[in-house]
Amino acid sequence: MLNIALPKGRLGDKVYDRLSRIGYTCEELYKDSRKLIFENPACGVRYFLVKPSDVAIYVFHGAADIGIVGKDILEEEHPDVYELYDLGFGACRMCVAGPKDFVEDRTRPLRVATKFEHTAKQYYLTQNRNIEVIKLNGSIEIAPLLGLSDVIVDIVETGTTLRENGLDVLEVIAPISARLIANKAAYRFKYDEIRLLQERLKEPEKEIKSTEEHS
């Protein structure tokens, strides 16, 4: 059995839809239930529904063989796992954002509000810029509006929330999307099963490209 950690929410739903279409279905997942573990021995899969930020933890400790996690979490936490494949789901950007009329004062450390503390520090280190990180877990957009910070570092998908709060993207740090990751020990002992799943995940993309080329 392959133990797969799925993130709860829209991303997990998209990933499961893809997996079910390539032969890793589990009908129980479609039922209205509070269960968090689902399995289909006939397909050789067991799914765990976990908080997105916890997927890498389950995979690292071996509770799950593989999982799907955002690149933002991998960059922030650097879990000791294998990153196998970019699924292309959940595409967005890690950005620096601030007021539309923001002018940086380089005579003092830049105040940065974010929940991605490591990412912010690493980015500004490459810019040779001293910063003061203000760790927040939510409603980050209001930090510059209330004078708590100069800018924020956060994930931006459409930018609607930023615009509605009078903020703009000032710099793009990196593109973000969902990645397939694997526990290092599981990758050795279940190599054939994991590689088969990975190759099947690529098949729909190949079919689409082939159709486009011949149209």
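Trainee: Which strands does helix α1 lie across?
Mentor: Helix α1 (residues 10-21) lies across β1 (2-7), β3 (45-50), β4 and β11, and runs at about 145 degrees to β1. The angle is taken between N-to-C directions on a scale from 0 to 180 degrees, with axes as lines fitted to C-alpha atoms, for helices over the stretch in contact. Contact means heavy atoms within 4.5 Å. Please keep in mind that this is a predicted model, where local features need pLDDT of at least 70 and side-chain atom pairs pLDDT 80 or more, while totals for chains, interfaces and linings use all residues. Residues are numbered from 1 along each chain as its sequence is written, and side-chain values use heavy atoms, leaving out hydrogens and water.

Trainee: What makes a stretch a helix or a strand here?
Mentor: Both are DSSP runs numbered from the N terminus: helices are H or I with at least four residues, strands are E with at least two. By that count the protein has 8 helices and 11 strands.

Trainee: Why are β2 and β5 called edge strands?
Mentor: Start with the sheet, which is open, has 6 strands in the order β2-β3-β1-β4-β11-β5, and shows mixed pairing. Its edge strands are β2 (37-40) and β5 (82-86), as each pairs on one side only. From one strand to the next, the twist averages 25 degrees.

Trainee: What makes β4 and β11 a pair?
Mentor: Two strands pair if DSSP finds at least two bridges between them. Strand β4 (residues 66-70) and strand β11 (residues 178-182) have 5 bridges, in the antiparallel sense, so they meet that rule. Within this pairing, Ile-68 stands opposite Leu-180 in β11.

Trainee: Why do Asp-65 and Lys-190 count as a salt bridge?
Mentor: The rule asks for a side-chain nitrogen of Lys or Arg within 4 Å of a carboxyl oxygen of Asp or Glu. For Asp-65 and Lys-190 the closest N and O atoms are 2.8 Å apart, so the pair qualifies. Asp-65 sits in the loop between α2 (55-60) and β4, and Lys-190 in the loop between α7 (184-189) and α8 (191-214), so the bridge ties together parts 125 residues apart in sequence. The structure holds 15 salt bridges.

Trainee: Is Asp-65 buried or exposed?
Mentor: Buried means under 20% relative accessible area, exposed means over 50%, and partly exposed is in between (1.4 Å probe, protein chains only). Asp-65 has 6%, so it counts as buried. Lys-190 has 21%, so it is partly exposed.

Trainee: Which helix holds both Glu-75 and Lys-71?
Mentor: Both lie in helix α3 (residues 71-77), 4 residues apart, about one turn of the helix.

Trainee: Which residues form the nonpolar patch on the surface?
Mentor: Ile-142, Leu-145 and Leu-146 do, with about 300 Å² of accessible area together. Such areas come from the Shrake-Rupley method with a 1.4 Å probe, and for residues only the protein chains shown count as cover. Patch residues need over 30% relative accessible area and no salt bridge; nonpolar side chains (Val, Leu, Ile, Met, Phe, Trp, Tyr) are joined within 5 Å, like charges within 9 Å. Leu-145, found in helix α5 (residues 142-145), has 45%, so it counts as partly exposed.
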